[in-house]
Amino acid sequence: MSVLVPFAEVGFAESWWIQIIKAVVIFLVGFTLVPLALMLDRKLMGRMQMRYGPNRVGPYGALQPMADIGKLLFKQQFRPRTSVGFLFAFAPVISMICAAATFAIIPFGGTVDIFGTEVGLYGIDVSIGILFAFAFSGLSVYGLMLGGWASGSKYSFLGAMRSAAQLISYELAMGFSILGIVITAGTLSLTGIVEAQSGMWYIVPQFVGFCIYIVSAFAETGRPPFDLSEAEAELVGGYSTEYGGGRFATYYAAEYFHMVIASAIAVTMFLGGWQLPFVDPPTWVDPIVVLVKTVLVICVFVWARTTFPRPRYDQLMALGWKILLPLATANVIVTAIIVVVTD
Amino acid sequence: MAWNPGEDVVAVQRAPKPGGAGGAYRAFGETLRGLKTTFGRMLERPVVYQYPEEKVPVYPRFRGRHKLHKFADTGLEKCVGCSLCAAACPADCIRVVAAENTPEHRVSAGERYAAVYEINLSRCIFCGYCEVACPFDAITMGHDYEMSDYNRTDLIFTKEMLLAEPLERTPLRTEDE
């Protein structure tokens, strides 16, 4: 046990300087995935709609995210007169921190030996594992709520209420969909869960859980078809109505970061993390396997976005509370019974 | 005796009622069908034109930017300054000021000529009524549709600009296209 992390037990902890290097590397990887997800989103969606998507900036339009973010950052910082200054500026940061913090527990591999030092290919392997992710996903509601409230505009506030209700509803179904795995693996630690999948990925026995997780992840990250928090044109702009420039860019990047996180958690929980079926590659391949799987799950996000129209708000709530939550509960109960019977 | 419709009866195909376990199963199936549709589109080639490089060919009757014409043999302007085009214009974007032709200064074939002929293209709706109204076919609609500019005043086309041979920037559709 390290003195650096007194709040939760950790499976394995390195000395402090390795942890700092790891934090920087993970941060860089995370922020490299965000523009990648942005680009993938627009390009893939374009191809699915039989058009090219952005292809003007740089080779094949690869620099489009940079151009977008650069343009947003150089815009004037505008703030409505009725807004609450400090919170208005801080709310996007909460969103971003919650997204980035979750990335710390995504395991990209087990422990490896780098130049004679034992290093775990993850930010931190806490024993509460997935609860950490849910804690921060719960906190990210504050980013939207405070942003909407502090804008001092009724459209923002209504949008914030709308998205908070959506996020809280789907958090339940999401948590329940994961419970089946926790019961089967017998651990909350994400590395433990990945190692428990060495025989079979959890997508096979927990297929219902996977479906529920993916659908709730669409809603949880505010991605289409459940993007009622923003709803591009129809519902003004939701909580981000009054935001522009760098602060909007932060919200925007946080949304894509959340998508990356949700995909990475899906990979860890259901798709075997760094493990591949039938082959046992060397350890340096592990992070690449995780990243490739994550990008593939992001493709599923984009795919669903292209395909499905947005449900009405009452339909969204009905899906969350009347279908996904009972289904997830039934899944948990059945899993628990099977685990107890076969044990 | 009732008429027997025989083979002509077309039974109405009704979708099964929504709801219940069957409905949920069908909804799941339809969801997958939707995903399959979009995935199939991804494998096809995009159908879009890469506009500034690739232009959509226009039809011969496309109503683009106006052209004023001269007689090919004498070089005189066809426009006689009758202002019928200005009268026909629903957007009121044509301004014609006529002047008398004199033997030493002969511009058009008729009695008078258009001393000023301006079309405000920021108001023009490209309806083609001016072309229809013109008794001498002096004004016709061309094929050019790239007329954006940085300045509104630059969109007021004078007689010289309309008479000048326009840049053929727009491909014309061939017979079989």
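**Reading the structure step by step**

Q: Is Cys85(B) buried or exposed, and how is that decided?
A: A residue is buried if 20 or more other C-beta atoms lie within 10 Å of its own, exposed if 12 or fewer, and partly exposed in between, with C-beta atoms placed from the backbone. Cys85(B) has 23 C-beta neighbours inside 10 Å, so Cys85(B) counts as buried.

Q: What kind of model is this, and how are residues and chains named?
A: This is a predicted model, in which local features need pLDDT of at least 70 and side-chain atom pairs count only at pLDDT 80 or more, while totals for chains, interfaces and linings use all residues. Residues are numbered from 1 along each chain as its sequence is written, and chains are lettered from A and ligands numbered from 1 in the order in which they are written.

Q: Where in chain B is Cys85(B) found?
A: Helices (H or I, at least four residues) and strands (E, at least two) are DSSP runs, numbered from the N terminus. Cys85(B) belongs to helix α2 of chain B, residues 84-88.

Q: Which residues does Cys85(B) touch?
A: Two residues are in contact if their C-beta atoms, placed from the backbone, lie within 7 Å. Not counting residues up to four places away in sequence, Cys85(B) touches Ile94(B), Cys130(B), Ala133(B), Cys134(B) and Ile139(B).

Q: What does UniProt list for Cys85(B)?
A: UniProt positions are given in the numbering used here, feature names are shortened, and annotations may be inferred rather than shown by experiment. In an unreviewed entry, UniProt lists Cys79(B), Cys82(B), Cys85(B) and Cys134(B) under "binding site". These residues span 56 residues in sequence, yet no two of their C-alpha atoms are more than 10.4 Å apart, so they gather at one spot.

Q: Where is Cys134(B), and is Cys134(B) buried or exposed?
A: Cys134(B) sits in the loop between α3 and β4 (139-141) of chain B. Cys134(B) is buried, because 20 C-beta neighbours lie inside 10 Å. Leaving aside neighbours within four places in sequence, the contacts of Cys134(B) are Leu84(B), Cys85(B) and Ile139(B).

Q: Where else does UniProt place the feature "binding site"?
A: The unreviewed entry also gives Cys89(B), Cys124(B), Cys127(B) and Cys130(B). They are spread over 42 residues of sequence but cluster in space, with a largest C-alpha distance of 10.5 Å.

Q: How do Cys124(B) and Cys127(B) read, buried or partly exposed?
A: Cys124(B) lies in the loop between β3 (112-120) and α3 (129-133) of chain B, and Cys127(B) also has its place in the loop between β3 and α3. Cys124(B) is buried, with 22 other C-beta atoms within 10 Å. Cys127(B) has 14 C-beta neighbours inside 10 Å, so Cys127(B) counts as partly exposed. Leaving aside neighbours within four places in sequence, Cys124(B) is in contact with Ala91(B), Cys93(B) and Ile119(B).

Q: What is the overall build of chain B?
A: Chain B has four helices and five strands, in the order α-β-α-β-β-α-β-β-α from the N terminus on. The radius of gyration is taken over C-alpha atoms, and the globule rule is 2.2 Å times the number of residues to the power 0.38. A compact globule of 177 residues would come near 16 Å, but chain B has 29 Å. The C-alpha trace of chain B spans about 90 × 55 × 30 Å along its principal axes. Of the 177 residues of chain B, 14% count as buried.

Q: Which residues touch the most other members of the largest nonpolar core?
A: A nonpolar core is a set of buried Ala, Val, Leu, Ile, Met, Phe, Trp, Tyr and Cys residues joined through C-beta atoms within 7 Å. The largest has 85 residues, and Val260(A) and Ala266(A) touch the most other members. Helix α8 of chain A (residues 245-270) gives the most to this core, with 17 residues. Apart from this core lies another, of 18 residues, among them Tyr117(B), Ile139(B), Phe157(B) and Leu162(B).

Q: What do the end C-alpha atoms show for residues 316-341 of chain A?
A: UniProt, in an unreviewed entry, places the feature "transmembrane region" at several spans of chain A, including residues 316-341. The end C-alpha atoms of this span lie 36 Å apart, and the span is 100% helix and 0% strand.
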